[in-house]
Amino acid sequence: VIDIGDEYMKVAAVNPRGGDYPLFDIALNEQSERKTSVVVGFEQDGEMRVGEDGIALKVRAPTRCLYGFMELLGAEFSGSVVKQFLGENPQFADVLVPTPRGTVAFKVPGVSDEVPVEVLIAYLVRSVVSKFSVGDILLGTDSVSEIALIVPEHFDEVQTGLLKQAAELVGVRVSALVPQLAAAIIDYAVGGQNSGAGAKQTVLGYGMGGLHAAAAAFQVERTGAKSKKKATVIALGPAISERMGAVMFPSAVAAL
């Protein structure tokens, strides 16, 4: 399960068949950390670096350290999303270029081909399936048969489809697309301790990422004994999503 946010991504390994892997565990990156920066960097010779290794390029080569690109997925190059992105990241003004489809790519110094946003996301997914580990066991492409993607609440249908296509560029099958808040509520529903089978609750799910905040209401009904961990989750309405996240708070406060 891969959750790619505005700033960070987290990964969990689920293994229903047993064997060497635990049933569920958080996967760690090469630095043995649970969260990884959503950054793709390129060395002068074109070599790619992901996460914290990519951040190392930010000071000495800022136009070769790409970040904040998740919100550009599916965006029109001439649209307001790109204009806002460049207003907040002016160092990319000469690096951002349109694709033949009119969407967004990066023309990175030292890299021969333009790099669309979908390819950057594919690089992130490839780093997960090739370099992340659970305990002492490296995941590896031979062990990862399929992945589930957590979808940000502010993504529309087009962006969700592009996210799936980007992940599949790596050669793994995307078996599920789960809205971000729904994933949190499902975890609450099967792991909650405060009610037994048959009890219905209305639960508010909310979250704040680096650039976006979202909230939605759900009905939760546990349908089995606590040991069975079964529940029914129903969304009571569409999620409300606003572009106001943790990264934006300092600038908002400074403007007061």
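## Basis and terms

Two strands are taken as paired if DSSP finds at least two bridges between them; helices (H or I, at least four residues) and strands (E, at least two) are DSSP runs, numbered from the N terminus. The model is predicted, so local features need pLDDT of at least 70 and side-chain atom pairs pLDDT 80 or more, while totals for chains, interfaces and linings use all residues. Residues are numbered from 1 along each chain as its sequence is written, and side-chain values use heavy atoms, with hydrogens and water left out.

## Strand 5 and its partners

Strand 5 (residues 39-42) runs antiparallel to strand 6 (residues 48-50), joined by three bridges, with G41 opposite R49. These two strands form a hairpin with five residues between them, and G46 in the turn has a positive phi of about 95°. Three bridges also join strand 5 to the antiparallel strand 7 (residues 65-67), where L66 stands opposite V40.

Both faces of strand 5 are covered: V39 and G41 on one side, and V40 and F42 on the other, are all buried (under 20% relative accessible area, 1.4 Å probe, protein chains only).

## Aromatic cluster

Rings of Phe, Tyr and Trp (its six-membered ring) pair if their centres lie within 6.5 Å, with planes under 30 degrees apart counted as stacked, over 60 as edge-to-face and the rest as tilted. There are four aromatic pairs. Y67 and F92 are edge-to-face, at 5.6 Å centre to centre and 65° between the planes. Y67 lies in strand 7 and F92 in the loop between helix 2 (80-88) and strand 8 (96-98), 25 residues apart. F85 and F92 are stacked, at 5.9 Å and 5°. Ring pairs link Y67, F85, F92 and F106 into a cluster.

How values were computed
Buried means under 20% relative accessible area, exposed over 50%, partly exposed in between (1.4 Å probe, protein chains only).
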